[in-house]
Every structure is written in structure tokens, then in C-alpha cells.
Amino acid sequence: MTDALILESVSKLYGDFQAVDSLSLRIPRGSVYGFLGPNGAGKTTTLRMILEIIRPTSGTISVLGAPSALQVRDRIGYLPEEKGLYKKMKAWSTIAYFASLKGMGRKAAKTRAFELLEQYGLGDFAESKTEALSKGMQQKVQVLASIAHKPEFVILDEPFSGLDPVNQEVMEEVIRDMSSAGATVLFSTHVMSHAERICDRFVLIAKGASLFDGTVDEAKALMPRRVLIESAGDLSSLEQLPFVKSVQEDLNQPGLHEYRLKPDADPHHLLDAAYEKGIRLTRFDRSEPSLHDIFVHMVGPEAREATVR
Amino acid sequence: MRYAYLIAVREYLENVKTKGFWIGILLFPVILLASIKVTRFLEEEATPTRNFVLADFTGELEAVIDQGLNRSHQWRVFSAASDYVSKHTRKEFARKQIEEMDLEKIPSSVIDAMKSMRQEEDARFEGFLNSSDPKAWIRMMADSGVLVEDRPDFESPRPKFSRIPTPDWLDMNQSFKEVRALLKERLDESNPSDEKDLFAAVVIPDGILTPSKSNLLQFMGARPKEVEYWSINQADFDLRDSIRRALDRELQRRLYATEGLDEELIKNIQSDRVPVVSLDPKKKEGEEEVSLADTIRQYVPIGFVYLLWISLMSVVQMLLNNTVEEKSNRIVEVLLSSVTAGELMAGKLFGIACVGFTMLFAWIAALLGILHWHAGPEAEFVTKLLDIIENSGLLWIFLAYFLMAYLLYSGIFLAIGSVCSTIKDAQNFMGPVMIIMMVPLLTMMFIPKDPHGTLATVLSWIPIYTPFVMLNRAAANPPLFDIVGTTILGFVSVVVVIWLAGKVFRTAILRTGQAPRLVELWRWLKG
């Protein structure tokens with residue numbers, strides 16, 4: 001089977017501003033793909049180019065095997081970053097309307113709208129005007145509107161922003177449901193924990209260029225290992241060990257040290273060494289690097305510089 | 001095309017399903033009706049009889065003024081009685097009356113028309129005055145079998161003004177200046193809405209009716225003797241005019257007498273007119289005379305121009321609001337992932353056009369309904385108006401020009417909506433557009449007077465004014481060259497405007513933040 005999405009050295013220039021810089025990407029069908037990056041990294045621009053809402057300056061895009069998203073637009077679902085609905089429309093008719101714009105028949109769209117609202121806990125609000133709904137509910141309605149036509153390829157721009165923790169879980173559920181129904185999901189986010197939980201693979205971009213593309217495990221392997229050690233004793237002998245890259249003492253908690261190990265080192269060797277040297281540890285924490293750490297590590301300095309367009 | 005249709009349906013339903021839309025539609029006939037009924041009611045019923053005091057230093061004009069006011073009042077009673085009679089006239093008599101009163105036959109030159117009606121009215125008025133009491137007069141009509149049996153009693157209107165006898169506080173032995181100061185003070189304290197209070201005071205200096213022998217004093221800058229009309233309401237001239245007419249008549253009567261002239265003879269001579277007939281060369285042999293109906297026909301389009309303007313403003317405003325809403329809510333992004341910008345635009349234009357036509361049909365139906373309700377034997381004018389509206393084809397011309405105007409202006413407003421992120425931004429753009437759009441409203445009253453003049457012709461050829469001005473001229477049979485030429489120009493402009501609007505729309509609709517500068521706009525139009 002072909003990939004759901006292929007980007008080949010896609011660039012976008014706004015005047016002199018390079019929003020996207022020869023980005024290449026392949027998203028296999030059926031996968032859940034995270035699209036990560038700091039503000040102004042070019043995520044939304046890329047998503048809009050994928051949808052053919054705007055045209056790339058150069059490069060080629062292939063969506064579901066077609067050279068333009070317009071040809072397969074009925075098979076794509078899209079949730080934009082900034083959420084908004086027609087205020088005076090009822091929840092069900094909003095969903096049905098957007099589904100009908102994706103080629104669904106009117107009756108089928110209506111049935112589907114009520115079904116979805118029921119399924120995701122908004123059954124009682126189907127007849128409410130969207131302006132009467134809470135912000136979280138409105139967002140749910142919009143998400144449902146973007147997937148009502150059972151798209152093969154769903155593009156979600158910041159689907160978690162503005163949702164409370166419970167609804168964030170509902171959103172994760174929506175993504176998982178779609179994935180298990182065989183759809184390909186591409187979503188951008190800032191919240192790394194979601195990405196970590198539900199992504200098969202992710203791409204990290206900054207300043208319009210790809211920094212990393214792969215699975216979460218692959219990303220973790222690139223990160224230096226981190227171990228937290230807390231002890232009242234003298235730890236200087238541990239700092240001399242060959243596989244330790246650097247040590248930093250936490251200024252707020254005296255005695256708590258962060259050890260960064262060389263990439264292929266086993267944290268267990270550090271514990272062995274402490275035992276051998278008779279150092280009494282009150283805490284030994286070999287935490288896995290989170291996607292959050294990976295994000296900060298890879299794009300931290302750039303994200304600070306990046307100006308929000 | 002299917003997507004454009006879906007968008008159009010949504011736009012249509014969203015606007016038509018609102019309460020505001022239907023309230024607006026209902027309000028139009030209600031206000032139209034109220035403006036007829038309420039002003040009439042206020043004039044006839046709601047105004048109390050106003051009191052005034054007369055300080056007459058000549059000591060001989062009280063009767064003249066009372067008589068004059070009584071005549072004015074009797075005229076009002078007579079009008080009311082005439083209205084009453086024609087309202088309750090039997091159908092067969094009414095039809096006969098209409099045939100006599102055929103507006104198509106009445107010459108258009110208003111003076112002539114007025115004169116013939118006046119003479120008839122005057123004769124009836126004299127008869128009425130002689131019959132001492134309106135009830136008796138009506139009874140006389142009823143006895144002759146003209147009136148229907150089942151009718152309410154006639155209510156005579158109250159006198160508008162009543163002269164109160166010289167009050168105690170007013171000592172006529174004082175000087176003119178003192179009396180005047182006294183009255184001024186009293187009037188100043190009066191409450192205009194209080195029925196018992198003074199509404200006005202009339203001070204007549206001595207010797208006012210003695211003709212001045214020389215104009216030298218006036219020439220030197222001295223003021224001649226004047227009747228002083230003091231009133232707390234300077235907008236209501238009825239009383240002042242009645243008194244002036246009464247005094248004028250008295251002055252003339254006295255002058256005729258001193259000069260030994262026959263008053264009746266002079267009146268007759270004064271009412272004589274040289275007959276002038278207006279002819280229209282475009283009409284058939286033998287029917288060239290311009291009738292009052294033709295004149296009405298010429299002015300009816302003004303109403304349509306106004307209707308066109310109001311309805312156009314309402315719908316383009318909807319278009320603007322919807323576009324700005326979609327843009328500021330970012331709904332447009334979802335839409336554009338489903339449909340192309342062209343489909344979106346076409347859908348919106350079509351949907352709102354249907355809203356506009358719905359509104360127009362509702363309004364026209366209401367208008368015709370009200371006219372039909374008012375039409376009938378007693379309202380020849382309304383009947384004629386209705387006939388003109390329904391049978392002259394003006395309605396179709398109106399709808400066609402509405403379509404042209406809509407397409408032209410909707411393109412402009414759609415472009416404005418697409419570049420603005422908020423309604424506030426949009427209002428900045430709207431200002432100049434509104435001023436430009438006001439022009440046809442300012443000229444609509446003048447154009448029927450000179451429908452083929454330079455102003456009308458020049459404005460007709462400016463596409464944004466074509467629909468208004470050509471509609472304005474429609475009843476005057478504008479030259480074929482103007483009709484065909486401006487229509488072609490109009491539709492070419494529609495195509496150009498929509499095409500340019502499409503360019504702006506596509507570029508601007510996804511942009512956020514500040515509205516673009518003019519230079520940028522220009523670049524979009526070129527690129």
C-alpha cells in the first residue's frame with residue numbers, strides 16, 4: 001500500500017520569510033503521526049499546504065496517492081488550529097453540514113451527526129445552538145464535524161489545546177478509535193504527553209525544517225541518559241566514572257544531583273559503582289527521557305528565539 | 001456545483017431562519033401603515049383644542065377673526081363629512097363617481113386639475129355651509145339613498161383652535177407695549193400640552209387695516225405696523241395662517257369698497273386661468289394628453305429606488321457579516337479544506353441573493369396587500385397607484401435591476417468582508433463605500449423631473465449607479481440606446497467586479513490580523 005502522505009522537499013516562502021524549508025515526509029497508511037514543533041515552526045503552514053488551502057512555493061505533495069488534496073478532499077478530514085463554529089447553528093446541523101460538504105448525503109449526514117454526538121457524550125446538546133455550548137463542547141463538536149464523513153486521512157491541528165484533562169482523554173479516544181478503524185491520523189501538538197501516548201511516529205520541526213523523524217523509542221535512544229541521585233555523602237568519586245558525561249547539582253535541593261550519562265551507558269553501572277564505594281543513596285531515579293525532554297533538548301534554544309508570526 | 005449549492009442553502013437558512021429577519025420583514029408594512037394612520041390620528045384626534053387670546057387694539061376685528069376661524073373649522077368639518085360620505089357611499093354610486101374622477105382623464109398640470117376640483121369642491125362647500133349643520137347635510141345625502149344603511153354615526157372633528165374671551169388680567173386700556181409684555185409673560189409660563197393653558201396670543205395694533213399712505217417710513221428703516229403672533233409652538237402655523245387669511249380678506253374687502261369695486265367680479269376674474277395642456281409626443285394620436293396618472297407613473301419609481309436601496313443595504317450587510325464571521329471564526333479554513341474558494345464565493349452570493357429576493361417578495365406582497373386593503377371606491381389615488389405598480393411592468397424592471405445591483409455590490413462587500421478580521425475593520429472600509437452609495441438617494445427626487453437630463457444620463461452610465469438611476473428613469477421611457485448600453489456595461493462590470501472580488505477573496509480570506517494596506521490590495525488585484 002502507498003503512503004497516505006508524501007512530502008518531497010516542500011518549501012513555502014511568504015515574501016522573504018521562509019515558513020517551511022524543504023521539508024520531506026512520509027506517513028504510512030494507518031499510522032498515527034505526531035507533528036511536533038515550537039510556535040512558528042511552520043506546522044500550520046505545512047498542514048494547509050497538505051490540504052491545498054495554500055500552494056507550496058516548491059516541492060511536491062501527494063495525498064492518498066493523488067497529487068492534490070482537492071482531488072481526494074472527500075476522503076480527508078481537517079480540524080484547524082483556531083476553532084470556531086457558526087454560532088447560530090445547532091450542534092447536529094453543524095456536523096451534518098460539514099459532513100455533507102464532504103459528499104455525504106443529507107439524511108446519512110444527519111443520522112451520523114446524532115450518532116456521533118451520542119457516542120461522545122453530547123447527545124443532550126444535539127439540538128442546542130453552538131453558541132450555547134461550553135468551549136470544550138464546541139471544540140468537540142468541531143472535531144466530530146471534521147471526522148463525521150469517516151475520512152481515510154485525518155489532519156488535526158492542535159486538537160488538544162483548550163480542552164480540560166477529561167476531554168483531552170476523550171480526544172485521545174477519538175484518535176485511537178479512528179486509527180483502529182484504519183484511518184491515518186496526522187496531528188500537531190505542543191502537549192508532548194499526548195503525542196507520547198498515542199503516536200506511532202512523529203516528526204519534529206523547527207524553523208520550517210525537520211529535526212527528527214521516527215518512532216518515540218528511536219528519539220529516546222538519541223537522548224543522553226539521565227539519572228537522579230540523592231545522597232548526603234561525598235559523590236565526587238562517582239563523577240569521575242568514564243561513562244558519566246556531566247553532573248549538575250540541583251540548587252534548590254542540596255544533595256540532589258542530575259547525572260547525564262553517555263548515550264550507550266547502562267544506568268545500572270552507576271548504582272553498582274555507588275554500592276562498591278559504600279556511598280549511601282537516599283534516592284536513585286533512572287527516569288526515561290520523556291518526549292517533553294526530547295522536545296526541549298532538540299528545539300529549546302531555537303524555540304526561544306523563534307518569533308511568532 | 002453541488003458544494004456551492006450546499007453553501008447557498010446554509011447561508012439562506014441561516015439568515016432566513018432568524019427572528020430578526022422576519023421582524024424586519026414585518027416591520028416594513030407595519031411602519032408603512034403606521035406612518036399613514038398615526039400621523040392622521042395625531043392630527044385629527046390627539047391634538048387638544050388650543051386656546052389663544054386676542055388683544056385687538058382696533059376693537060373691530062374680533063368678529064372678522066372669529067368668522068375666519070369658523071370658516072377654517074367648517075372646512076375641516078366639511079372634509080370630514082365628505083370623507084364620511086364617500087366612505088359609506090353605495091357601491092353603484094361609488095363606481096359612477098370613479099368614472100367621473102378618472103385620473104387618466106384629469107390633465108397632469110396640477111393647477112388645472114386643482115382648479116376643476118376646487119370649483120366643484122367650492123360649490124359643494126357653499127352648499128354645506130348653507131345647510132347649517134353637518135348632520136343635516138349627511139341626513140340629506142342619506143335620504144337621497146346614496147349612503148349605505150349600515151354605517152356608524154358621523155363624528156364632527158373638534159375645533160383646532162378656540163379663542164378665549166379677553167381674560168381679567170388683560171386690561172385693554174393699557175398701552176400696546178404693556179399688553180404685549182403681559183401676554184409674553186403668560187405665554188412663557190404656559191405648558192404646551194395643557195389644554196387649559198394658552199397656546200398663542202395675537203396682538204393687533206390700532207390702525208392695522210388703514211392702508212399706509214406712503215412707503216417712506218418703511219424706506220427709512222422703520223417697521224410698519226404688524227400683527228404680532230406669539231406662540232409657544234413655532235412649528236404649527238395653522239392658527240397664524242387662518243388669522244392672516246381672515247385679515248387679508250377683510251383688508252381686501254375694505255379696499256374694494258373704498259375703490260368702489262365689485263368684490264364678486266374680482267374673485268371671478270382672479271380664478272380665471274388660461275388653459276394649458278401637456279402633451280406627450282410618444283403617445284397615440286388622439287391620446288397625447290398627459291394625465292395625472294402619467295405624472296404619478298413618473299414618480300412611482302422613486303419608491304422603488306428607495307426600496308432597492310434599503311433591500312440592497314440589508315442583504316450586502318448580511319453578506320459582509322457572514323464573511324467576517326467565517327473569517328474571524330476560522331470556519332473558512334474548514335470550508336476551504338472541503339470546497340474551493342470559487343465554490344464558496346458562488347455559494348455565498350447565490351444564497352444571499354435568495355435571501356434578498358425572499359425579503360423583496362415579502363415586502364412587495366405586503367405593500368400590495370396594504371394598497372389593496374386601502375384601495376376601493378373611496379381611494380382613487382391608491383387604486384390608480386396599484387394599477388400602475390401591477391400593470392406597468394415596473395415590478396419586473398425593479399427585480400432585474402435589483403439583481404444587477406446585488407451582483408455589483410455583493411462583489412464589493414464580499415471583498416471587503418474577506419480582508420477584514422473584525423466587523424470594526426469592516427466598518428472602516430464601509431464608510432467611503434456608504435458615501436458613494438448615498439448618491440442615488442440624493443438624486444432620486446430630481447431625476448423624474450428631468451429624466452433624460454445630463455445628470456440622469458451621466459449617472460446612468462456609471463455602473464454602480466446604473467441600477468438605481470435607470471430604475472428611476474424607467475417610467476419616462478429612456479432612450480433604447482441608454483437601456484441597452486447601460487445594461488451591457490452593467491453586466492460587464494458585474495463580471496469584472498466578481499472576478500476582482502474573487503482574486504481578493506482567495507488571497508485575503510485566510511489572512512489573519514491587520515487589514516491589508518491599499519498597496520497590498522493593489523498587488524493582489526494585479527497578481
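A crossing of two helices is left-handed if the near helix is turned anticlockwise from the far one by less than a right angle, and right-handed if clockwise. By that rule the crossing of α2(A) and α3(A) is right-handed. The model is predicted: local features need pLDDT of at least 70, side-chain atom pairs count only at pLDDT 80 or more, and totals for chains, interfaces and linings use all residues. Residues are numbered from 1 along each chain as its sequence is written, while chains are lettered from A and ligands numbered from 1 in the order in which they are written.

**Helix pair in chain A**

Helix α2 (residues 91–101) of chain A and helix α3 (residues 106–119) of chain A have axes that come within 8 Å and cross at roughly 130 degrees. Axes here are lines fitted to C-alpha atoms, for helices over the stretch in contact, with angles from 0 to 180 degrees between N-to-C directions. Residues taking part include A:Trp92 and A:Ile95 of α2(A) and A:Phe114 and A:Leu117 of α3(A). Two residues are in contact if their C-beta atoms, placed from the backbone, lie within 7 Å.

**Chain A as a whole**

Chain A has 10 helices and 13 strands; helices (H or I, at least four residues) and strands (E, at least two) are DSSP runs, numbered from the N terminus. Its C-alpha atoms fill a box of roughly 75 × 45 × 40 Å, taken along the principal axes. Of the contacts in chain A with a separation of 6 or more, 70% are between residues 24 or more positions apart.

**Chain B and its side facing chain A**

In the interface, 16 residues of chain B are in contact with 20 residues of chain A. On the chain B side, α1 (2–16) and α12 (331–338) each supply at least two residues, and α12(B) gives the most, with six residues. The predictor gives the complex an ipTM of 0.77 and a pTM of 0.71.

**B:Cys354**

B:Cys354 lies in helix α13 (residues 341–374) of chain B. Not counting residues up to four places away in sequence, B:Cys354 touches B:Ala8 and B:Tyr12.

| Property of B:Cys354 | Value |
|---|---|
| B:Cys354 to B:Tyr12, in sequence | 342 residues apart |
| B:Cys354 to B:Tyr12, C-alpha to C-alpha | 6.7 Å apart |
| Other C-beta atoms within 10 Å of B:Cys354 | 18 C-beta atoms |

Notes:
Buried ≥ 20, exposed ≤ 12 C-beta atoms within 10 Å, placed from the backbone.
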